[in-house]
Protein chains: 2
Amino acid sequence: MLAADDLRAATLFSRLSDREIDALIPIVREQTLAKGTPLFHEGEPMDRLYLVISGWVTLFRDTNTGQRVVIRVFGPGETLAEAALFLDSAFPASGEVAEDARLVSIDRAAFERLLAASPRVATGMIASLAMHLRALTVEVEQLKTRTATERIAAFLLTCCPNGRKARSTFELPYDKSLIAQRLGMQPESLSRNLAKLGCHGISIDRNRVTIDDPKVLENALGSGTLGRLSSG
Amino acid sequence: MLAADDLRAATLFSRLSDREIDALIPIVREQTLAKGTPLFHEGEPMDRLYLVISGWVTLFRDTNTGQRVVIRVFGPGETLAEAALFLDSAFPASGEVAEDARLVSIDRAAFERLLAASPRVATGMIASLAMHLRALTVEVEQLKTRTATERIAAFLLTCCPNGRKARSTFELPYDKSLIAQRLGMQPESLSRNLAKLGCHGISIDRNRVTIDDPKVLENALGSGTLGRLSSG
DNA sequence: CGATCCACTTGACCAAAGTCAAGGCGGGTG
DNA sequence: CACCCGCCTTGACTTTGGTCAAGTGGATCG
C-alpha cells in the first residue's frame, strides 16, 4: 500500500506537514507498471506529474534520424515532469518504464490546486527543480570532460550501496543497453570499457558487479588515472 | 540607467507588477564589469543572484585535472544561481565575466524576503528554473547525439539574428575558445569544423559570420546531412 | 531436450576528435 | 614602424569511440 513515507521521499513533498500528506493520498493515482510501458509521448501536452516509488523510468527523445537519446533515468524518490506542468507548452520528451515500477501520479489540475493552496508545495517544487538542475549540470560536465571509461566508473560508484566500504557487491539497476544510453555511448563501448575496468578492481558477472575498493576507484577517477591502464 | 524593462526581461521577474518592479529597483546592485572579472568561486556559499543585462557570463568548473569545463554561458535577460540561493550548500561552480557586461544582482537576504512576500516571485522562480532545466536538457541531447560539426551549426543558428531569412550576417558573441568550451570541444576542432562548414553556405571572417541560407542549414542539421560533406 | 531468441560480447575496421607542435595574423606598445 | 603577445589556424599523428558483423551464452518455449 501507498504510505506517507513513499510520498515524503520525494523532495517535492518532503516539506509537507502530516496533514498535507494525508490530504494528498486520496487524490494521487498509484499504478504498478511493467517494463516497457509507455507513460507519455513527446510533443503531447503533459497532464500528470509522476513520482517513482520503486523501479526505473526513462525520459528520452527519438531524434528524426531514428536514434533514441536518453535524457535521464529516474529512480525511487524522484519526480518527473513537474516543470512540464508549469511551462504549459508541449513536452519535448517521452517517458517509459525501464524496469517494472510502482508509480504515483497526480493530475495536472489537482497539482495546480495544491500549488495554489500551499506555499510549501511551491517551495518543494523549487527545491525539486533545483535538484534536477544540479543533476543535469553534473551530467553535462561528465559528458564534456570524462572518457567513456571514466563515466562508467562514476556510474558504478553511484550504484554502489552507500557506505562504500571495501568490496561492495551489487546488481546493475537496469539493462546494460540502457546504461550505455544513459552514459552517452554505444553498448559495445560499455561492454569493452567494463572489461577494461577489470584492471581497476572491478569484476562483472552478468549483471552482478563487485568493486574491490570504492575509495581507490574514486581517487583514480578524480586524478584521471583511469585512462592508461597498468595491465593488471 | 537601470530600467524596469531590464528587470522584466528576466523570466524570474517577468510576471511582477509595475509596483513590484519599482520596489525592486532600489534594492538591486548594478555593476558594469570588464571581461575576465570573477564573480564567485566554486565551493563558496552563494550570496547573490545575478541577472545579465548586457554582455556574457560563464558558469564553469575547474576539474582537479586542471581543465576548465564550461557548464553554460549566460546572456542578456538570463539569471544565474537562483537555484543556489535556495539549496543552501556550497555552490559547485564558478562564475566569470566572459565579455564586458552590465549585471544586476540581488542580495540573498533581500531575495528571500521578496520570495516570501510575493507569490509571483515564487512563480517566476519556478518558471525560470524550468527554463534552465529545458536548456540543459537540450545541451545533454546535443552532446550525446550530435557531432562537433552539427553542434557548431546548431550554435550558429541560435546566434543568427532572428528572422532567419536568407543571408544573415552577425558577429560571434564571444571568443572562439569559449565557444569551443561551451560546445564541448577543443579550439582546434572548432576551427577545423568551422572551415568544413564553408561547403554548407557558411563563411567566417575573423569573428564575422555569414550564413547563406539559415533555413537550408536548419534542414541539413535535422536530417543529419551535415556529416558527409559534398566538397562544394 | 533441443530450437530459438535476445542481450550482450568480441573482433576488425574506420571515422571523428584530441594532442602536440609550428606558423600566421592583428592589435597593442614602445 | 617594428616588435611582441595572444588568439586562432594548420598540419601530422594518436587515441577514442563508432560501425558492422559474427559469435556466445542464458533463458524460454515447444
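1. In this predicted model, the side chain of Asp6(A) makes a polar contact with the side chain of Arg102(A), at 3.5 Å. The two side chains also meet in a salt bridge, with N to O given as 3.5 Å. Because Arg102(A) lies in strand S6 (residues 94-107) of chain A and Asp6(A) in helix H1 (residues 4-8) of chain A, the pair ties together parts that are 96 residues apart in sequence.

2. Leaving aside residues up to four places away in sequence, Asp6(A) touches Met1(A), Leu51(A), Ile53(A) and Arg102(A).

3. Side chains of opposite charge can pair when their charged atoms come close. Over all chains, a search of the whole structure finds 34 salt bridges, and across the interface of chain B and chain A the rule finds four. Between the chains, Arg61(A) forms a salt bridge with Glu141(B), in which the closest N and O atoms are 2.6 Å apart.

4. Polar contacts between chain B and chain A number ten residue pairs, counted where both residues are at pLDDT 80 or more. The elements of chain B that give two or more residues to the side touching chain A are strand S4 (68-74), helix H3 (82-86), helix H5 (119-145) and helix H7 (176-182). Of these, H5(B) gives the most, with 19 residues. Sorted by class, the side of chain B that touches chain A has 22 nonpolar, 14 polar and seven charged residues.

5. As to the extent of the interface, 43 residues of chain B are in contact with 43 residues of chain A. The area buried between chain B and chain A is about 3500 Å², and carbon and sulfur atoms give 74% of that area. Ile126(B), Arg134(B) and Lys144(B) supply 20% of the area that chain B buries against chain A, which is more than any other three residues supply.

6. How can chain B be laid on chain A? A turn of 180 degrees and a shift of 0.0 Å along the axis do so with an RMSD of 0.0 Å, and that is the relation of a two-fold axis. The copies meet through the same surface, because 100% of the interface residues of chain B are also interface residues in chain A.

7. Two domain annotations for chain A come from the UniProt record, in both cases from an unreviewed entry. The annotation "domain: Cyclic nucleotide-binding" covers residues 12-132 of chain A; over that span the chain is 30% helix and 38% strand, and the end C-alpha atoms are 11 Å apart. For "domain: HTH crp-type", UniProt lists residues 146-215 of chain A; this span is 44% helix and 17% strand, with its end C-alpha atoms lying 19 Å apart.

Terms used:
Residues numbered from 1 in each chain as written. Chains lettered and ligands numbered in written order. Predicted model: local features only at pLDDT ≥ 70, side-chain atom pairs only at ≥ 80, totals over all residues. Heavy atoms only, no water. Contact = heavy atoms within 4.5 Å. Buried area = accessible area lost by both parts, 1.4 Å probe. Polar contact = N/O pair within 3.5 Å; in protein donor to acceptor, adjacent residues only side chain to side chain. Helix = DSSP H or I, 4+ residues; strand = E, 2+ residues; numbered from the N terminus. Nonpolar A, V, L, I, M, F, W, Y, C, P; charged D, E, K, R; others polar. Least-squares fit on C-alpha atoms with pLDDT ≥ 70 in both. UniProt positions renumbered as here; feature names shortened; annotations may be inferred.
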